[in-house]
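Please read the points with the model open.

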Amino acid sequence: MADRIGSDWIDNGSLSFFDYGSCDSPSETLRERIATRGRFGMKAQDLNGKTIAFAGSGGLDSCTITRWLTDKGVKVVCFTADLGQPDEEDVEAIGKRMSMAGAVDFVLLPARDAIAGAGVDLIQTQACYEGRYWNTTAIARCVLTKAMIQAMKKRGLTIFSHGATGRGNDQVRFQLITNMLAPDFEVYAPWRDEEFLARFPGRSEMIDFCQEKGLPVTASKDKPYSTDANMLGLTHESGLLEALTTPAHFVKPIMGCYPADAPNEAEEFTVTFEQGRPVKINGNAVNLVDAFLQANAIGGRHGIGIGTHLVENRFVGIKSRGVYESPGVELLGTCYAFLLQLILDRRAREFFDQLSLLIAKQIYQGYWFDLATQMALEAIKRTAELATGTIKVSLYKGNISFVSATDTNHSLYSEENASMEGIGSYNHGDSEGLLRVFGVSARVLATSGQVKLKS
């Protein structure tokens with residue numbers, strides 16, 4: 001019963017768009033709704049007889065929430081985005097699981113092109129959060145929420161629901177993005193509903209509930225951690241990973257292997273960028289989706305970006321531990337960084353790094369669509385326009401080594417100017433005047449007493 005948004009067919013067996021409709025009074029103003037929502041928040045008891053849109057993945061939380069709400073008289077329409085999840089062989093099978101959980105309809109949102117485009121944004125902005133986390137899950141929430149809101153508007157649905165917990169970042173991302181893109185929508189978060197929390201204090205109670213209801217969930221009380229996946233990368237967290245005595249390599253990789261298990265021979269990898277976009281992999285033309293899929297496969301088998309450990313600062317003020325996989329983004333992102341080294345002068349480099357840190361934080365916190373991010377992206381766009389060239393690297397047991405850079409038309413690097421040999425037009429003696437000018441301010445620091453030689 002899935003209908004694909006933007007495709008050339010819609011299953012006539014699904015509910016009509018007109019069946020969904022808004023349940024709010026036409027006389028209720030947007031301001032009144034926002035004020036009421038801000039004071040109390042939505043509860044399950046407010047949803048009886050209403051139809052909501054639920055962002056579900058077909059996992060334990062999704063099935064539990066859908067069944068629980070259905071039992072309370074709520075009509076749940078499940079929305080799932082095809083983000084190229086490497087841990088899901090058949091995304092349409094999610095619809096079957098959600099239907100068994102009680103969903104009245106299932107909507108599969110084709111979002112592979114969108115997530116690949118977002119991946120290019122990550123690479124062009126070098127948007128790593130607190131180290132080497134490429135924001136792969138965070139940017140996927142932006143892609144999913146936007147696609148879901150667009151689909152909801154077509155169906156007349158105005159209640160957005162999700163299964164993010166009250167301790168994590170995703171609840172913030174879903175809420176802020178919905179508030180920005182659809183301020184007239186309401187958001188229902190079961191993990192902030194006292195009735196839901198009383199019924200399901202933790203995963204054990206949810207597993208028992210699903211087993212009692214005969215729901216086909218793969219989660220078990222013995223599963224050591226949870227995983228969130230999309231084409232750009234995987235996030236592993238919770239469970240045994242919450243203990244810092246559990247090593248990162250405790251996680252079983254899905255997108256590749258650990259460096260120790262990678263081949264004993266190096267492999268060269270070549271990517272050609274045109275205005276910041278990867279257009280060729282190893283000399284063969286690719287679209288964005290194929291660029292990431294091929295980079296994932298090649299990087300993954302050499303342990304690139306596999307098992308990255310990070311104890312990070314969540315937006316809600318809690319520190320959390322995650323283990324990440326992002327072989328394709330790490331590989332393409334590193335190659336792009338080598339290209340940036342050639343085209344940015346020191347002032348542009350400093351400004352770029354500031355923008356990169358800002359954008360990384362904005363994505364992580366759910367502010368991808370706000371004015372600050374859009375302003376920063378416009379500035380980065382000028383850099384991407386200059387990022388054309390071919391980068392060759394060597395991959396060996398988790399390491400990426402530079403091999404060559406060619407066809408870099410906007411490169412500032414000059415072999416002649418940089419050479420220590422007696423070639424080129426650069427005259428070493430010209431530095432004398434420059435250093436005399438710099439020396440004036442240096443001497444003032446001493447005569448003013450700001451700098452002193454200490455014994």
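1. A disulfide is taken here as a pair of cysteine sulfur atoms within 2.5 Å. In general terms, a disulfide is a covalent bond between the sulfur atoms of two cysteines. The search of the whole structure finds 0 disulfides. Cys78, for one, is in no disulfide, and the nearest cysteine sulfur, belonging to Cys63, is 8.5 Å away.

2. On the source: this is a predicted model, in which local features need pLDDT of at least 70 and side-chain atom pairs count only at pLDDT 80 or more, while totals for chains, interfaces and linings use all residues. Residues are numbered from 1 along each chain as its sequence is written, and side-chain values use heavy atoms, with hydrogens and water left out.

3. Burial is stated by relative accessible area: buried means under 20%, exposed over 50%, and partly exposed in between, using a 1.4 Å probe and protein chains only. Buried residues make up 49% of the 455 residues in the chain. Cys78 counts as buried because its relative accessibility is 0%. Cys128, with a relative accessible area of 12%, is buried too.

4. The chain has 14 helices and 14 strands. These are DSSP runs, numbered from the N terminus: helices are H or I with at least four residues, strands are E with at least two. The accessible surface of the chain comes to about 22,400 Å², and 51% of that surface belongs to carbon and sulfur atoms. Accessible areas come from the Shrake-Rupley method with a 1.4 Å probe, and for residues only the protein chains shown count as cover.

5. Contact means heavy atoms within 4.5 Å. Among the contacts in the chain with a separation of 6 or more, 73% are between residues 24 or more positions apart.

6. How much space lies in the second largest pocket? The value is about 360 Å³. The method works on a 1 Å grid over the protein atoms alone: a cavity is a set of points where a 1.4 Å probe fits but cannot get out, whereas a pocket is an open set with protein on both sides within 12 Å along at least five of seven lines, and lining residues have an atom within 4 Å of a point. Grid points are joined across faces, edges and corners, and the volume is the space filled by probe spheres set on the points.

7. The second largest pocket is lined by 20 residues, of which Ala114, Cys142, Val143, Lys146 and Ala147 are the closest to its centre. Two or more lining residues come from each of β3 (105-110), α4 (112-125), α5 (136-155) and α12 (371-386). Helix α5 gives the largest share, 8 residues. By class, the lining has 14 nonpolar, 3 polar and 3 charged residues. Here Ala, Val, Leu, Ile, Met, Phe, Trp, Tyr, Cys and Pro count as nonpolar, Asp, Glu, Lys and Arg as charged, and the others, Gly among them, as polar.

8. Thr136 is found in α5 and is buried, at 1% relative accessible area. Not counting residues up to four places away in sequence, Thr136 touches Leu122, Asn230, Leu232, Gly233, Ser326 and Val329. Thr145 is also found in helix α5 and is buried, at 0%. With neighbours within four places in sequence left aside, Thr145 is in contact with Phe160, Phe174, Ile177 and Thr178.

9. Leu234 sits in strand β7 (residues 233-237). Is Leu234 buried or exposed? Leu234 is buried, because its relative accessible area is 0%. Leu234 and Thr137 are 97 residues apart in sequence, yet 7.3 Å apart in space, C-alpha to C-alpha. Beyond its neighbours within four places in sequence, Leu234 has contacts that include Pro86, Ile254, Met255 and Tyr324.

10. Ser238, in the loop between β7 and β8 (267-274), has a positive phi near 65 degrees and is partly exposed at 22%. Asn282, in the loop between β9 (277-281) and β10 (284-285), has a positive phi of about 50 degrees and is partly exposed at 35%.

11. Ser404 belongs to strand β14 (residues 399-406) and is partly exposed, with a relative accessible area of 24%. Ser404 and Val393 are 11 residues apart in sequence and 6.9 Å apart in space, C-alpha to C-alpha. Leaving aside neighbours within four places in sequence, Ser404 is in contact with Thr390, Ile391 and Lys392.
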